Amino acid sequence: MGVVLWCCLTTPAKAEYMKYKDPKQPIPVRIQDLLDRMTLEEKIGQMVQIERKVASAEVMKEFFIGSVLSGGGSVPAPQASAETWINMVNDFQRGSLSTRLGIPMIYGIDSVHGNNNVYKATIFPHNIGLGASRHKIGAATALETRATGIPYAFAPCIAVCRDPRWGRCYESYSEDPQIVQDMTDIIPGLQGDIPTDSPKGVPFVAGKNNVVACSKHYVGDGGTTKGIDENNTVIDWQGLLSIHMPAYYTSIMKGVSTVMISYSSWNEIKMHTNRELITGFLKNTLGFKGFVISDWEGLDRITYPPHANYSYSIQAGIHAGIDMVMVPYNYKEFIDGLTFHVKNNVIPMSRIDDAVRRILRVKFLVGLFENPLADNSLVDQLGSQEHRELAREAVRKSLVLLKNGQSLNQPLLPLPKKTSKILVAGSHADDLGYQCGGWTMEWQGFNGNNRTIGTTILAAIKNTVDPSTNVVYKENPNAEFVKSNNFSYAIVVVGEHPYAEIDGDSMNLTIADPGPTTIRNVCGAMKCVVIIISGRPVVIEPYLASIDALVAAWLPGTEGQGVADVVFGDYGFTGKLPRTWFKTVDQLPMNVGDPHYDPLYPFGFGITTEPTTRPSDDNPFL
């Protein structure tokens, strides 16, 4: 008995010193020490990212899973609180920490315009509307993502959308590579400002108020033929370098931690198999030292039909240089397949070690080994008033005034706040889901006002006008109603319904019904401002003659008050078109600099106005 007791008492004193657990050791030393201790099974586990629906503490422990994600709309519970998110993430993390080596997992989520899966989060304008405040928006998004215990955001999308028929065009900042390059300022917002002496290509994350960022989708996702999602980008090497690559170079200079590969192909070669561009150019030429992640089922989609030859897809994707695979469901098949390839020398151990070294580098840099479990210290950041004010400012700056009055010397905007009676019409005037667009609460977005918290444009108008002004809302009024009510003016809010990815691909780019009818009925009878809620330029030329003032509001998010702020003159219009507004879809693709350039409104166009305090009378149009 005494021997047993002696043994048990002395064991802790002999606990082995492990360099990888020592924060005083340099990160390369920690990585190497840990890598040397890992079995093949543990290494391959690090390369796996699974969806939360198939994750549990037991799965994390048994398969050494390196990462978990929420797909679009994948939440622990409807209207889950920040604390509920934190508890779920920590539960998975405890499974990881209970493994032999205790390597923490990293949880990722699509925070693409705020922490947009989460109830009550601030929803910022989608990228197409973001020209200003980008660094601040990155920092706010980081805080609201960390508020839910999540340290990894799959943002920013640095696609250069060259054809608005693409369903992801609203995720692209512009058709102009220079603007997209400038917008990589959101990366230091998300990750923190990189120190000037930081080694080139090495990821940087400042601390617990920041998140790991992800530049996506490498490369050429915005250049596919006819804008068809996940399709083929036909362009020569110089074109790829000058249009689609610049923002990746800038991202790496700013310390981006991860890069996500595109579903699309470049000149018929699937990007998920393109070793020359992933390993050769991104890792070796540009010197990227973070990790490369696949897109959702990215390996499956190497073949057509998807998953037709998964063994080949694993081999091709890992050989190309993908480090972490967003599996996201059939992780056992992936683990078994990759293990088989390594044991049969199809994929060399050096390739596995490169992947794991990169994943561990990011995990060490973000401080996961020291602080693996999230706490509640940031929960108040979720949907905070300060962030809502920032989003409202971003909305104001994103609005582009395309037409203001039937002649230059008779502008209609800004509108008077005090008048007898105004009409607000249109399917998008009182619909929070429509004004947020896709990637909000659900992958494809939602409609109505009951899924999250925010201010619709109708509510914003009512908040802004003089208390004596009678605001009448009629979603789709007939011409008789419009004519018989003696309105001073009308505000018509119409546009696209929410969509994401391939579901948004459109060959006709029309305003959703009954939008055109609403415009005709209202604008045919009286002075009207039309506000377009859309993820891209849409067909507007047929209605333009009857429209007195036209505003492109893009997808403004939850803070609709920003629209009313400018329409009623508390602030001026300052926004400029980040992309060309076509006359007809037959012109597409048409980008600034093209020989056949003949737009309705050119790239960079936008009428500016000054803030006003102009006096109002009962009928300013007499």
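Residues are numbered from 1 along each chain as its sequence is written, and side-chain values use heavy atoms, with hydrogens and water left out. As the model is predicted, local features need pLDDT of at least 70 and side-chain atom pairs count only at pLDDT 80 or more, whereas totals for chains, interfaces and linings use all residues.

Helices and strands are DSSP runs numbered from the N terminus (helices H or I, at least four residues; strands E, at least two). Two strands are taken as paired if DSSP finds at least two bridges between them. Strands of a sheet pair through backbone hydrogen bonds, either parallel or antiparallel. In this model, six strands form an open sheet with mixed pairing, in the order 12-17-16-15-13-14. The edges are strand 12 (400–404) and strand 14 (470–474); each has a single partner strand, so one side of each is left without a neighbour in the sheet. From one strand to the next, the twist averages 20°; axes are lines fitted to C-alpha atoms, for helices over the stretch in contact, and angles run from 0 to 180 degrees between N-to-C directions. Strand 14 pairs with strand 13 (residues 421–425) in the parallel sense, over five bridges. Within strand 14, Val472 is the residue opposite Leu423.

Helix 19 (residues 515–523) lies across strand 13, strand 15 (489–495) and strand 16 (528–533). Its direction is at about 170° to that of strand 15. Contact here means heavy atoms within 4.5 Å.

Helix 15 comprises residues 385–398. The expected span of a helix is 1.5 Å times one less than its number of residues. For the 14 residues of helix 15 this gives 20 Å, which agrees with the 20 Å between its end C-alpha atoms. Residues are classed by relative accessible area as buried (under 20%), exposed (over 50%) or partly exposed (in between), with a 1.4 Å probe and protein chains only. The buried residues of helix 15 are His387, Arg388, Leu390, Ala391, Glu393, Ala394, Val395, Arg396 and Ser398. Their cover includes helix 6 (134–146), strand 12, strand 17 (549–554) and helix 20 (561–567).

Two disulfides are present, a disulfide being a pair of cysteine sulfur atoms within 2.5 Å. With the bonded cysteines of the protein chain numbered in sequence order, the pairing is 1-2, 3-4. Cys161 is bonded to Cys169, with 2.1 Å between the sulfur atoms. This link is left-handed, with -105° about the S-S bond. Cys161 counts as buried at 0% relative accessibility, and Cys169 counts as buried at 1%. The sulfur atoms of Cys523 and Cys528 are also joined in a disulfide, 2.1 Å apart. Here the torsion about the S-S bond is about 110°, so the disulfide of Cys523 and Cys528 is right-handed. Cys523 and Cys528 are both buried.

The cysteine sulfur closest to that of Cys214 is in Cys157, at 9.8 Å, which is too far for a bond. For Cys436 the closest cysteine sulfur is again in Cys157, at 18 Å, too far for a bond. Cys214 counts as buried, with 0% relative accessibility, and Cys436 counts as buried at 0%.

Thr196 lies in the loop between helix 8 (186–191) and strand 5 (214–218). With a relative accessible area of 87%, Thr196 is exposed. Thr196 is 255 residues from Arg451 in sequence, and their C-alpha atoms are 43 Å apart in space.
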